[in-house]
Amino acid sequence: MIKLVPVEVKSHSGYKSDEYPLSFELDFTEYSINEITDRWYQGESDPQFPASNYFRVKTASGDEYILKHEVKKDKWFLVGK
């Protein structure tokens, strides 16, 4: 089962808001994002799974995480197992 952990994200806003994440905070620690290694979109075909942007990111320490941004609610989550 996939676990979603709410996180605070600082993001770049270009031609649209929250275009991509720059850093995120988890357990009072801020993680700077050095690289976005993958990105994908989930459509609204099922109300149980709202439209979302996903980002596989690599932090300054080299750790990899997946972040989910629910577009309509403007909420960010760390995706875990």
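With 81 residues, a compact globule would have a radius of gyration near 12 Å, and the protein chain agrees because its own value is 12 Å; the radius is taken over C-alpha atoms, and the globule rule is 2.2 Å times the number of residues to the power 0.38. This is a predicted model, where local features need pLDDT of at least 70, side-chain atom pairs count only at pLDDT 80 or more, and totals for chains, interfaces and linings use all residues. Residues are numbered from 1 along each chain as its sequence is written, and side-chain values use heavy atoms, with hydrogens and water left out.

Colleague: What is the order of the strands in the open sheet?

Modeller: The protein chain has zero helices and seven strands; both are DSSP runs numbered from the N terminus, helices being H or I of at least four residues and strands E of at least two. Two strands pair if DSSP finds at least two bridges between them. Pairing in this open sheet is antiparallel, and the order is E1-E7-E6-E5-E4-E3-E2.

Colleague: Which strands are the edge strands?

Modeller: An edge strand here pairs on one side only. The edge strands are E1 (3–6) and E2 (8–12).

Colleague: Which residue in E4 is the bridge partner of Leu26?

Modeller: Strand E3 (residues 20–26) and strand E4 (residues 29–42) pair in the antiparallel sense over four bridges. In E4, the partner of Leu26 is Thr29.

Colleague: What percentage of the 81 residues count as buried?

Modeller: Buried means under 20% relative accessible area, exposed over 50%, and partly exposed in between (1.4 Å probe, protein chains only). Of the 81 residues of the protein chain, the buried share is 31%.
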